[in-house]
Structures are given as C-alpha cells and as structure tokens.
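Welcome, and take a moment to turn the model around before reading on. We will walk through it together, one region after another.

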Amino acid sequence: MEIRESEPGDIPQIIEVLKASLGETSSKKTEEVWRYKHEENPFGKSLVLVAVENDIIIGVRAFMRWQWQLGNQVFSTFRAVDTATHPEHQRKGIFKKLTLNAIGIAKEQGDDFIFNTPNAQSLPGYLKMGWAEVDKLKIRIFLTNPLYWLHINQKVHYGINNSSSDSQIAELISKHNNLKAEENKLFTFKSPKYLSWRYENNPLQKYEVNGDEDFYLAGYIKEHKFFKELRITEYIYSNDSGLEKISKAVKEFSEKFGAHIISSTGLSSGLGFSGNFGPVLTLRDVNLDSNLKKELLQLNNWSYTLGDLELF
C-alpha cells in the first residue's frame with residue numbers, strides 16, 4: 001500500500017471510493033462538489049491524501065484548509081472533513097495511516113492545528129490519535145411568534161438579497177474583522193470571497209441571504225419531524241444600525257419560512273434559552289505553543305458562528 005498526496009487526475013476514483021463507502025444519500029458526491037470544497041476554497045486547496053493498492057485508490061482523507069485569527073495572530077489550520085475507505089479494504093488501518101501521514105505533512109508545512117466536530121462513533125478514534133475535546137458547542141434557541149407558523153410554505157425557496165456594493169461589503173467585513181480581533185477570541189477570518197463561496201454559491205446547501213452596507217445575514221431551514229428550525233449560520237455587523245437590521249431580517253426569515261424555532265450562536269431574538277446543545281468541538285495540536293493550546297481548549301476563547309463549524 002502506498003500513501004501519497006492526491007493529484008488532479010485522482011478525483012474520479014476518489015468520488016467512486018466515497019460513493020462505495022458512504023453511499024449517495026447523505027450528501028452530494030460529485031466532481032463539482034469535490035472541487036468546490038477542496039480546490040475553490042478561498043483559504044486555499046485542501047490537503048488530500050490517498051491510499052493506493054495495485055494502482056487503485058482504496059482510501060481517501062481530506063483536510064480542508066481554514067484560517068482562524070486571535071487578536072492580530074493568524075493561524076493556518078485544517079478542518080478534518082471527507083474520509084472514506086473502500087468496503088473491500090476495511091480493517092487495514094487505512095483511516096489511521098492517512099490521518100497520521102496528513103498530520104506529519106501539516107507539521108512540516110508549519111500549520112498550527114486541525115479542528116473538527118466528529119460524531120460519537122468517530123470521536124474515540126480521533127482521541128487516540130491525539131485530538132482533544134474542547135466542549136460541546138453553545139447554541140441559543142428561541143421560539144418564534146406563533147403567527148409565523150401560519151405562513152408555512154409547502155416548499156422552501158431561498159433567495160440572495162444583498163444590496164451592498166463590492167466596496168461596501170468589503171468595508172463592512174473589514175470593520176467586523178477588526179472588532180473581532182479586539183475581542184481577543186479565536187474567530188474565522190471573513191472576506192467577500194469567503195461569503196460568496198460559503199453561502200451564495202454553495203452546491204451542498206442553499207441559504208437565505210440578506211444584507212446591505214450595515215449587515216450580512218445567512219441562514220436556512222432545517223426540517224425536523226414535527227417542527228421547522230431556522231438556523232442562523234452567519235451574521236456580520238459593525239454598528240448598532242446593523243444589529244437592528246439583523247434582528248428585523250431574522251424575523252422576516254422566520255415569517256417567510258414558518259419557522260417554529262431559531263438557532264444561532266450569539267444573537268438574541270425574543271424568548272429562548274442557551275446551552276451546550278451542539279456537537280463536540282475537537283482540536284488536534286500540530287505546531288501550537290503549549291500555553292496557547294491550553295487557551296484554545298477552552299470554548300469561551302472561541303468566537304464562532306454555526307457556519308464556521310457546521311458540516312458541509
């Protein structure tokens with residue numbers, strides 16, 4: 001078995017391994033989606049390793065590049081995402097071999113850390129390979145106005161309603177990043193290119209987007225068996241006017257989609273409650289200072305939105 005970094009010509013085989021291992025119902029598995037996630041990412045191309053046996057790819061492990069910032073310090077990081085082993089080649093330790101090799105490459109490149117939100121089944125394996133638990137993500141849940149429930153549409157239609165010019169959105173994001181830096185908490189560095197990639201042109205999930213020179217808001221409806229949840233995945237503002245507009249836009253989203261509850265990480269929107277209801281955030285140190293690692297293992301040192309950490 002050979003472990004190596006992937007090449008452009010490997011993508012068709014990688015897609016076949018993903019389909020064979022994971023099926024096609026959980027998420028789209030196409031070359032278009034793969035290129036979107038791992039080649040068009042504004043933070044840079046992903047670190048992708050493959051396991052090859054007899055010139056056939058039998059396993060894949062992808063780390064999506066990400067950029068976090070704390071104060072004025074920028075961190076080069078990876079998000080552990082797509083991984084699969086062909087069903088005919090299970091029990092060969094392929095996942096572990098690919099992951100440990102990827103960590104070694106990241107260390108040589110000078111990258112800082114790897115993060116992800118593994119499920120209960122995969123968490124023990126990550127912990128054995130040096131990952132550490134930060135905490136379950138803190139989420140705020142709010143009840144919507146019952147009158148909104150009367151506006152339930154049979155089918156959800158999302159729209160992009162961002163009236164800001166390129167210069168206005170760039171200025172808004174710059175102010176937002178500066179405010180976040182002053183908080184001295186870890187945050188995802190935002191840019192116009194990132195917002196366009198992450199929310200407006202995402203082939204995996206459609207988002208409702210609203211914004212102008214004062215704010216940017218993105219979210220979508222998560223359908224549950226007995227209720228609709230409006231997930232606010234991104235909110236950006238730099239002044240009180242922007243925050244007021246976000247509150248108004250959230251109410252408009254709720255009414256449009258007939259949402260029963262609203263979930264977010266930092267917005268207040270009426271009667272609700274907060275708690276560590278989200279998935280477990282984990283971190284794998286690569287080149288962190290020991291004191292800084294201790295800081296990042298405390299969830300209150302992270303300033304995140306749902307869009308920063310949700311799977312896509």
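Residues are numbered from 1 along each chain as its sequence is written, and side-chain values use heavy atoms, with hydrogens and water left out. The model is a predicted one, where local features need pLDDT of at least 70 and side-chain atom pairs count only at pLDDT 80 or more, while totals for chains, interfaces and linings use all residues.

A nonpolar core here is a set of buried Ala, Val, Leu, Ile, Met, Phe, Trp, Tyr and Cys residues joined through side-chain atoms within 4.5 Å. Buried means under 20% relative accessible area, exposed over 50%, and partly exposed in between, using a 1.4 Å probe and protein chains only. The largest such core has 53 residues, and those with the most contacts inside it are W34, V60, W66, W68, F113, Y216 and W302. Its largest share, seven residues, comes from strand β3 (residues 56-70). Strands (E, at least two residues) and helices (H or I, at least four) are DSSP runs, numbered from the N terminus. Apart from this core lies another, of 18 residues, including L47, F78, I94 and I114. In soluble globular proteins, nonpolar side chains tend to be buried together.

What does W34 touch, leaving aside its neighbours within four places in sequence? Its contacts (heavy atoms within 4.5 Å) are I11, I14, I15, L18, E39, V48, V60, A62 and D82.

Two strands pair if DSSP finds at least two bridges between them. Strand β4 (residues 73-85) pairs with β5 in the parallel sense over three bridges, and R79 stands opposite F115.

Now find strand β10 (residues 208-211). Here E208 and N210 point one way, V209 and G211 point the other way, and all are buried. On one hand, β10 pairs with strand β8 (residues 160-162) in the parallel sense over three bridges, with N210 as the bridge partner of N161. On the other hand, four bridges join β10 to strand β11 (residues 215-223) in an antiparallel arrangement, where V209 stands opposite A218. β10 and β11 form a hairpin with three residues between them.

The helix α7 (residues 240-257) connects to this picture. α7 has 18 residues and reaches 26 Å from its first C-alpha to its last, close to the 26 Å expected at 1.5 Å a residue; the expected span is 1.5 Å times one less than the number of residues. Its buried residues are G242, I246, A249, V250, F253, S254 and F257. Seen down the axis of α7, these residues fall within an arc of 140 degrees, so they line one face of the helix; the arc is that of the directions from the helix axis to the C-beta atoms. They pack against β10, β11, β12 (228-237) and β13 (261-264). The face turned away from the buried side carries the exposed residues D240, E244 and K248.

How do the ends of α7 look? After α7 comes G258, whose phi is positive, near 65 degrees.

Finally, visit some loops. Most residues other than glycine have a negative phi, and most peptide bonds are trans. N54 is not a glycine, yet has a positive phi of about 55 degrees. N54 sits in the loop between β2 (47-53) and β3, and counts as exposed at 71% relative accessibility. N184, also not a glycine, has a positive phi near 60 degrees and lies in the loop between α5 (166-183) and β9 (187-188).

Is S46 buried or exposed? S46, in the loop between α2 (31-38) and β2, is buried, with a relative accessible area of 14%. Its side chain joins that of H38 through a polar contact of 2.7 Å. Such a contact is a pair of N or O atoms within 3.5 Å; within protein, one must be able to donate a hydrogen and the other to accept it, and residues adjacent in sequence count only if both atoms are side-chain atoms.
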